[in-house]
Amino acid sequence: MATSLTSVVVGARLTHSATVIFLHGLGDSGHGWSFLANELSNSFPQVKWILPNAPTIPITLNAGYKMPGWFDLTGLDKSSLDDEDEKGMLSSLSSVNKVIEQELSSGIAPEKIIVGGFSQGGVMALLAGLTSERKLGGIIACSTWLAMADKMKVMGTDANKSTPILMCHGDADDVVKYQFGKESAERLTSYGYKVDFKTYPGMPHSACPEELQAIAAFIKARLA
């Protein structure tokens, strides 16, 4: 059974007709990305912003101490990222899908729902978007990588085969290596997905104004 997530919610300023769900990274919370909603809400007054909080779980990378995380991580090198906590990912996927279903039940059309995330949250955004049985409006994946990459060719649904994907990554990222993001975008492209991969010179494992502008442009195009 999917766990119900608590969320930071920034309501639509006008009549609610679209939703952006954005998932934070390891050790963070929905509040950590509330600036995104606050900065863009004037541009998209019809959008409700949902910023879910990950459950608190033991993280091997953090010596087993508990912290907010969508799944366990043993490390951030290539071999560690390949040693995937599929059980944790699939559990969080069920929880994220529950958030999406709640929006659908409230009357929001699936093509007016965008799912996005940063780092671990970006992993979950790709998983949720690519495997959804509903045709979503778009997927945003920042400073992240494609998990279950070999399986995604089969796990991905026909519903979102043509759903646009925006991937953003700084080439100075020393947490999730730029190479991992670029290779993930190339893998998705090889599977037939429409990926716009944007590189931000000098950007570390963070965000920058240019990236936020790209996210805003993507949302505008997808919700037009």
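**Sheet and cysteines in a predicted model**

Modeller: Strands β7 (residues 138–142) and β8 (residues 165–170) pair in the parallel sense, over four bridges. Pairing requires that DSSP find at least two bridges between two strands; strands (E, at least two residues) and helices (H or I, at least four) are DSSP runs numbered from the N terminus.

Colleague: What sort of model is this, and how are residues numbered?

Modeller: This is a predicted model, in which local features need pLDDT of at least 70, side-chain atom pairs count only at pLDDT 80 or more, and totals for chains, interfaces and linings use all residues. Residues are numbered from 1 along each chain as its sequence is written, and side-chain values use heavy atoms, with hydrogens and water left out.

Colleague: Which residue in β8 is the bridge partner of Cys142?

Modeller: That partner is Cys168.

Colleague: Is Cys142 buried or exposed?

Modeller: Cys142 is buried, at 0% relative accessible area. Buried means under 20%, exposed over 50% and partly exposed in between, with a 1.4 Å probe and protein chains only. Cys168 is buried too, at 1%.

Colleague: Changing topic: what is the strand order of the open sheet?

Modeller: The seven strands run β1-β3-β2-β6-β7-β8-β9, with mixed pairing.

Colleague: Which strands stand at the edges?

Modeller: β1 (7–10) and β9 (195–200) do; each has a single partner strand, so one side of each lacks a neighbour in the sheet.
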